[in-house]
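Visitor: I have a model to go through. Can we take it piece by piece?
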Amino acid sequence: MNHPITYRAQRPAPSHPARAGARRWAAVTASALLATAALSAINPPGVSAAVDPVAVAVNARAGLAGVPNTALGVNHAIWDTNLGTNETSDLLRAAGVQMLRYPGGSYADIYHWKDHTAPGGYVAPNTDFDTFMAGAKRAGAQPMIIANYGTGTPAEAADWVRYANVTKKYGAKYWTVGNENYGNGHYGSGWEADNHPDKSATYYANLVVEYAEAMKAVDPTIKVGAVLTTPGNWPDGITAGTDPGPWNQAVLSIAGPKIDFVDVHWYPGGTAAESLERIAHIDEAVYLLRQQIARYAGPNAARIGISLTELNVGTGQNTQPGALFLADAYSELLENGVFTVQWWNVHNGIGTVSEVAGHTDYGDYGMLSSGTCTADGTVCEPPLNTPFAPYHALSMMNLFAGAGGQFVRAGTSEALVTAHAVRRPNGDLAVLLVNKDPDNAHPVAIDYAGFAPSAAAPTVHTLTNGATAVATSQSGNATSRTLPPYSLTTLVLRPAGVVTGAPSAPAQPTATDVTDRGATIIWPALPPAAGEPLKYEVYRQNGTVSEQLGETTASSFAVGNLVPGTRYTLNVLARDGAGRLSWSSPPVTFTTAGPADSACGVRFRSTNDWGNGYIGTVDIVNNGTHPIDGWTLTFTWPTTWQRMDSGWNANWTQTGRTVTVTNTADIAGGGGSTSAGFVGAYSGPNVPPAAFTLNGTPCAVL
């Protein structure tokens, strides 16, 4: 992202029109409008309360990712004169910012740190690296630094590491090689500077290896990241030039063994309603990204983390839709194990002015006002550093999800109300409730599993539409609340009783020997509880309900009776002889295979992907000895945003998410095969189907 501030009295920094068009985003411009009419209303004429309470379920036994000390981030940029001021740093500290990214989006690929220049761009005074580090220290935030790939060299990056960590002893741990380098024209659209003779993903990946080796030769303790694209966003799925596959596949296949994390961005675009709706894409996007890492990044790929370092909306950047989006998206990403989420931007400058949700929106991608005016001077932002709504949402995230806690599963019965929960080290439980309905207040009834709240009134943090700060009180009870329209509400609950001496939570489990019907779950053993044997309980997350699959005194468990082609998320908890139960382990997620021995096999192939659609082929193999006289193939799309538009070589129909393919032709026995093709479309992460049946028989997936 690169929408720098335009200073009336200074040289304006260049914008990138190609990015505003091509990048925001080919993959989402054809998105289905899934939001309800209530969500799409922007300027409600009045407020009413929904009649039936929304059912909210919070399951403290269904653990998700832990909350890292890098979770809450935001971008700094060298065109921002206020980057290093004490006022800015103090505001970031007050909001709980834990990570700051520098030197700013696409500018990273033209920035030379030694002489603090960005040829072709504008560099504001007092924005050099040492000034940035002083501001980060004052804010209490770790740096994430982007090494210049576009116009730099591995040697320049290594010198930066040496200056930062050897000369100055800053201890800068996280370094990314480049910004959005797939935007260098390799796929047609170009906004990212790239002076290399070869713009391919293969060339980038090989040079990332050189960067990583040179930088780690200076400081082996640093973590180096490579740029990928978020599944479901352009150019995901597209292969260009002589690359062996799409950008992510090519980069991971070559650079995977040398990197420590991957870096992605996400701008869902669309209206306020559409941006809020598309948060539902996050689970599948992260799932696909982890699958790509596991498939292509080589041995020990599980060590590779995920950072999301640019995030913002297309409508309502300064008003309540931006705030709701920030809190909901940060929570969704963090509970999926992303180790840092970073808003674009601290300051950015006035854009297109409009009214959104009943308030003036300045089209400013910054969290804090830059105090700038439109070119004609008719509209000016509030005074410099006035917080916009997303700043207050980040402050809410700081009140909700403190480092050291663990996200746990939460869900609701209403699409316009979402819920997230964090179990804290002191035993408290925090519940974040997001009401995305601009018109209606929603009463909620909250049910808890694995946690018994005390009878005391909870601490309540609320951010309502148009509020200039998060309001805090102590009121009500743990099980019912009415959420104002377009609001964020966090409840902090004390437990009814404090349990001491419970076992520690088991560490991260892994799944091995995954078949169509079973898997073995393994985790590091805990030391036995003093004087009492320790046992482990294995649970499946079935929505917000934990289904116990069994228990064992060993540190592994064989899970059986599973369904082929199905995704499972499991947790392990420890219980001692006194009945005290630990916190949940982090989750392990795996997908069962098709049957290894089947009379049929199916290969699902995607070719000629153009970013929101593709040509697909299904190959069917008859492994039986007898011919198949006419056939019906069925499969189900994993998401609601995937579909089949047309097909050939068979009769194709889709009902709901289920696709049926029929043909009266024979398939010869003993390995005979046939193929049928289709045009597929998607408006979110394109998750391939994992299970197929032929004439009612589950098939092997080839």
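Visitor: Is Tyr102 buried or exposed?
Guide: Tyr102 counts as buried, because its relative accessibility is 0%; buried means under 20% relative accessible area, exposed over 50%, and partly exposed in between, with a 1.4 Å probe and protein chains only. The model is predicted, so local features need pLDDT of at least 70 and side-chain atom pairs count only at pLDDT 80 or more, while totals for chains, interfaces and linings use all residues. Residues are numbered from 1 along each chain as its sequence is written, and side-chain values use heavy atoms, with hydrogens and water left out.
Visitor: How do the rings of Tyr102 and Phe132 sit?
Guide: The pair is stacked, because the planes are at 20 degrees and the centres 4.4 Å apart. Rings of Phe, Tyr and Trp (its six-membered ring) pair if their centres lie within 6.5 Å; planes under 30 degrees apart count as stacked, over 60 as edge-to-face and the rest as tilted.
Visitor: Where in the chain are Tyr102 and Phe132?
Guide: Tyr102 is in strand 4 (residues 99-102) and Phe132 is in helix 4 (residues 129-139), 30 residues apart, so the pair links distant parts of the chain. Helices (H or I, at least four residues) and strands (E, at least two) are DSSP runs, numbered from the N terminus. Phe132 is buried, at 1% relative accessibility.
Visitor: And what about Tyr102 with Tyr111?
Guide: That aromatic pair is edge-to-face, with 6.0 Å centre to centre and 90 degrees between the planes. Tyr111 is buried, with a relative accessible area of 1%. One aromatic cluster includes Tyr102, Tyr111 and Phe132, and among its other members are Trp113 and Trp160.
Visitor: Changing topic: which residues have the most contacts inside the largest nonpolar core?
Guide: Leu311 and Met397, in a core of 120 residues. A nonpolar core is a set of buried Ala, Val, Leu, Ile, Met, Phe, Trp, Tyr and Cys residues joined through side-chain atoms within 4.5 Å. Helix 6 (residues 201-218) gives the largest share of this core, ten residues.
Visitor: Which strands form the open sheet of three?
Guide: The order is 21-22-25, with antiparallel pairing; two strands pair if DSSP finds at least two bridges between them. The edge strands are strand 21 (510-512) and strand 25 (556-559), each pairing on one side only.
Visitor: How many bridges join strand 22 and strand 25?
Guide: Four, and strand 22 covers residues 519-522. Thr520 has Ala558 in strand 25 as its bridge partner.
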